[in-house]
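Have the viewer open and follow along.

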Amino acid sequence: MSEQTRQCIKKTLSKSVFPLAKTKEKRYLCRQRTERTIMERNMTEYIRQRLFALQDMKYRDFQCKLMPGTAQERVIGVRTPALRKLAKELSSHENINMFLRELPHDYYDEMNLHGFIISEIKDYGHCIAEVERLLPFVDNWATCDLLSPKAFTPRRNHSMLTGDIMRWMRSDKPFTIRFGMETLMRYFLDEEFRPEYLASVAAVKNDHYYVRMMQAWFFATALAKQWDATIPYIIGQRLEQWTHNKTIQKAAESYRITKEQKEQLRTMRIK
């Protein structure tokens, strides 16, 4: 938050009537009305104030090490549990759309908060509209991977979700592709699995590191959950060499893969 914004909010609160209220309850109510007025004027600045109040500088430095492509000045440093809590509080706020419409956000933490807020939306159509609005602006793996909309969980929505997933995987934006793959991995490698899902992920051709990593993660998870359907992709070397070997590496690290399966996989590395 800019120093000018801080001073503006401080000045507004100092001029409000709550210091003159005679009882603690009245002072509280006056403060609430004043803060509501500030929020109505600029919801984004209000949220930014809340985020900076939760700042943890050590956590910020740790986050920056995990995301070398994200400028340090864009990271506030708010821990995930605090972001989730704030998102739940703000998701039902009458002015939250003011914040959701202001894309892209200046701060990484604002993007993550945005993701957590729309993950609270339970109506599928509304949720998809907000996801579609956010995805083009996602520029790092952490923001991408935290998106876990509640609207995606009910099976009644899965026929629509698979169509959206396939469309995301055809995108030219790497983190939209990654989100599509991860969503397919999260919801469709168990009871609702279909062999064609493997083919759809294998067909993705994109050299971006985080797309290739997600392909490997997807196939390693598929080996753990759907071994018989997935192992032909490894035997037949149907994946690009780097993705093939990374899949084997990640599968070998998984506790869900048996010792015998790991030994078999290790013999299949492409040199």
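## The big picture

First things first: this is a predicted model. The protein chain comes out with 16 helices and zero strands. Of its 271 residues, 50% are buried. As for how the chain contacts itself, take the contacts between residues at least 6 apart in sequence: 68% of them join residues at least 24 apart.

## H8 and its buried face

Helix H8 covers residues 124–134, and its buried residues are Tyr 124, Cys 127, Ile 128, Glu 130, Val 131 and Leu 134. Look down the axis of H8 and those buried residues fall within an arc of 165°, so they line one face of the helix.

Helix H3 (residues 43–53) crosses H7 at roughly 105°, and the two axes come within 11 Å. H3 and H7 are therefore roughly perpendicular to each other, given that angles of 65 to 115 degrees count that way. On the H3 side the contact uses Thr 44, Ile 47, Arg 48 and Leu 51, and on the H7 side Asp 109, Glu 110 and Leu 113. By type, that contact of H3 with H7 splits into three nonpolar, one polar and three charged residues.

H7 also holds Ser 119. Is Ser 119 buried or exposed? Its relative accessibility is 5%, so Ser 119 counts as buried, the cut-off being under 20%. The side chain of Ser 119 reaches the backbone nitrogen of Ser 148 at 3.2 Å. Leaving out residues up to four places away in sequence, Ser 119 touches Leu 146, Leu 147, Ser 148, Pro 149 and Lys 150.

## H11 alongside H13

Now for H11 and helix H13 (residues 209–225): their axes are 9 Å apart, at an angle of about 10°. That makes H11 roughly parallel to H13, since angles under 35 degrees count as such.

The H11 residues in this contact include Phe 175, Ile 177, Met 181 and Leu 184, while those of H13 include Val 211, Met 214, Trp 217 and Phe 218. Counting the residues of the contact of H11 with H13 by type gives twelve nonpolar, two polar and two charged.

A couple of backbone angles are worth a look. In general, most residues other than glycine have a negative phi, and most peptide bonds are trans.

Leu 103 and Pro 104 are joined by a cis peptide bond, with omega at about -5°. Pro 104 lies in the loop between H6 and H7.

Gln 237 isn't a glycine, yet its phi is positive, near 50°. You'll find Gln 237 in the loop between helix H14 (227–235) and helix H15 (241–252). With a relative accessible area of 46%, Gln 237 is partly exposed.

Conventions. Residues are numbered from 1 along each chain as its sequence is written. This is a predicted model: local features need pLDDT of at least 70, side-chain atom pairs count only at pLDDT 80 or more; totals for chains, interfaces and linings use all residues. Side-chain values use heavy atoms; hydrogens and water are left out. Buried means under 20% relative accessible area, exposed over 50%, partly exposed in between (1.4 Å probe, protein chains only). Helices (H or I, at least four residues) and strands (E, at least two) are DSSP runs, numbered from the N terminus. The arc is that of the directions from the helix axis to the C-beta atoms. Axes are lines fitted to C-alpha atoms, for helices over the stretch in contact, and angles run from 0 to 180 degrees between N-to-C directions. Angles under 35 degrees count as roughly parallel, over 145 as roughly antiparallel, 65 to 115 as roughly perpendicular and the rest as oblique. Contact means heavy atoms within 4.5 Å. Ala, Val, Leu, Ile, Met, Phe, Trp, Tyr, Cys and Pro count as nonpolar, Asp, Glu, Lys and Arg as charged, and the others, Gly among them, as polar. A polar contact is a pair of N or O atoms within 3.5 Å; within protein, one must be able to donate a hydrogen and the other to accept it, and residues adjacent in sequence count only if both atoms are side-chain atoms.
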